[in-house]
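Please open the structure in your viewer and keep the selection panel at hand. The tour goes step by step, and each stop says what to select and what is there.

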Amino acid sequence: MKNILEINNVTKFYKNSVKALENVNLNIKEGEIFALLGPNGAGKSTLINSICGIVNFNTGTIKINNMDIVKNYRTTRKITGIVPQELNLESFETVWNNVNYSRGLFGKKPDHNYIEKLLKQLSLWDKKDSKIKELSGGMKRRVLIAKALSHQPKLLFLDEPTASVDVELRKDMWDVVKKLNENGVTIILTTHYIEEAEELSDRVAVINDGKIILVDEKDKLIKKLGEKTIKIELFEPIEKINGNLSKYNFTLDQTNKIISHTYNLNSNTTDVTELLNDVKKDGYEIKDINTEQSSLEEIFIKLIKENNNELVRS
Amino acid sequence: MNWYGVKAIYIHEMERFRRTLFQSLASPIITTSLYFVVFGSAIGSRITEIDGINYGSYIVPGMIMLTILTQSISNASFAFYFPRFTNTIYEILAAPLSSFEIVLGFVGAAASKSLIIGCVIILTANFFVDVRIDHPVLMMFFLILTSITFALFGFIIGMYAEGFEGLQIIPILIITPLVFLGGSFYSINMLPEFWQKISLLNPVLYLISGFRYSFYEVSDVSLFTSTLTILTILIGCIIFITYTFSKGYKIKD
């Protein structure tokens, strides 16, 4: 699949000499949903704003559909849409005017049929004549999405799309994002909610302190970096850990009946078979076994911690 | 050229004007009427004529200029500062619009509003005094050029302002005094020689003088100098805006 977005060695300094982005390299494939994860102030929004032309970056190149976004800004911006993090809307304008205004800005001639279809898709049609100030937070978020889609972009940036949105609406938003992607829109989203990245994305990048520290397919990432925990439930409790079991570093639950042992899938060997054999050798009968995989959130926290430690050391 | 984009900004801004039509028109009409009452009746009873023109009629071009200058500046500065304040500017910056197109949309709307208000003032003035326009084309030329130039000036203020208070400082502290001291309500020939020379340093004098010429064929300075002054300010504003946009200063972090 071809790259719709190519970012090469992009660096951005703010006026106070704060380095917001440092040699960022990233390729986004056409048709994918890409999640950009990172703590507050990591550079997620700065990267998105640099791609969309909202802030100027200092060095490097950004290409959309193989066209430089500075030299060919008219062509590249026409196919790009952005949903900002904040609810930045004109309170006294109606939904209808707001969305049509956005379409005009992007150089598209008025198409009331398309806007009607879009508002219906986003469950905003009933509110088309309402002023923005009369809408709920969730509705405003939808208006922002409608504005970003008003010119039918091929590449859509969602900057924290479900920030301060309740759980029900968050699920609705996810459905909207999935539908857009099914219709051929490439989506790049930044999020704090790892659950969101896990649910939606095909690939994930982690950004910390202005640097991309990891890019991989979500499933591979979980598999590659994920730790697994095996839980062995016994019929009888372990009264004292000795014998063969004393060499393992496992934990017991309060009933002393469930052994939790963590191992890394990435290592060449795991001691799972040996552990099961030793449980049997020490005379315990196994009632049940199950495994748990570490979530993207745990991986993310681990990565950021490691990266921060490296930064402190250097 | 992204004409749809320019049109979107222009219509969006004019829509704001329509929503606040009463405030937009009532204020200049009331102010103009008050000027006629205060200057026309009170002072006009002592100064009957200047350069052979009835005093009430003489001050009409100055009053129009006063309103055009302040309205152009405030319309454009507010129009551009407001999206900066509400952060809705992200959309304009992300759109396929050149800086020229952005300025054209905002300044075009601000200048249009000023022109409408200017025409309303001419109509209002007709209720109080005889208004004669000897050179209507020249009058429109000055009216349009001044509206555009000072809308550009207002746009600069809108780009640089740090708060709503900042939008008011230059119009109140600089523009209004310059208009009052620029011969809006008198001819500089009525001043002592020293103050006449000082007045010549005031650029607004040249605008009012040229504009008044288009009405009554009387002026304090030559028409050529007036035209040159307004064009110089216009070009200065364009250069300044182009430079600011190219650097992204105050707009693109």
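**Two domains of chain A**

Begin by selecting chain A, which is divided into domain 1 (3–222) and domain 2 (227–293), with bounds that come from an automatic or database domain assignment. If you colour the two domains separately, you can follow how their C-alpha centres lie 46 Å apart. Before going further, note that this is a predicted model, in which local features need pLDDT of at least 70 and side-chain atom pairs count only at pLDDT 80 or more, while totals for chains, interfaces and linings use all residues. Residues are numbered from 1 along each chain as its sequence is written, and chains are lettered from A and ligands numbered from 1 in the order in which they are written.

**The whole of chain A**

Now show chain A as a cartoon, where there are ten helices and 14 strands; helices (H or I, at least four residues) and strands (E, at least two) are DSSP runs, numbered from the N terminus.

**Two loops with a positive phi**

Most residues other than glycine have a negative phi. Select A:N65, which is not a glycine and yet has a positive phi of about 50°, and look for it in the loop between strand 4 (59–64) and strand 5 (67–68) of chain A. A:N65 is partly exposed, with 18 other C-beta atoms within 10 Å; a residue is buried if 20 or more other C-beta atoms lie within 10 Å of its own, exposed if 12 or fewer, and partly exposed in between, with C-beta atoms placed from the backbone.

Next select A:S123, where phi is near 55° and again positive, in the loop between helix 4 (112–121) and helix 5 (137–149) of chain A.

**Where chain A meets chain B**

Finally, show both chains: 25 residues of chain A are in contact with 20 residues of chain B, a contact being two residues whose C-beta atoms, placed from the backbone, lie within 7 Å. On the side of chain A that touches chain B, helix 2 (73–78) and helix 3 (95–105) of chain A each supply at least two residues.
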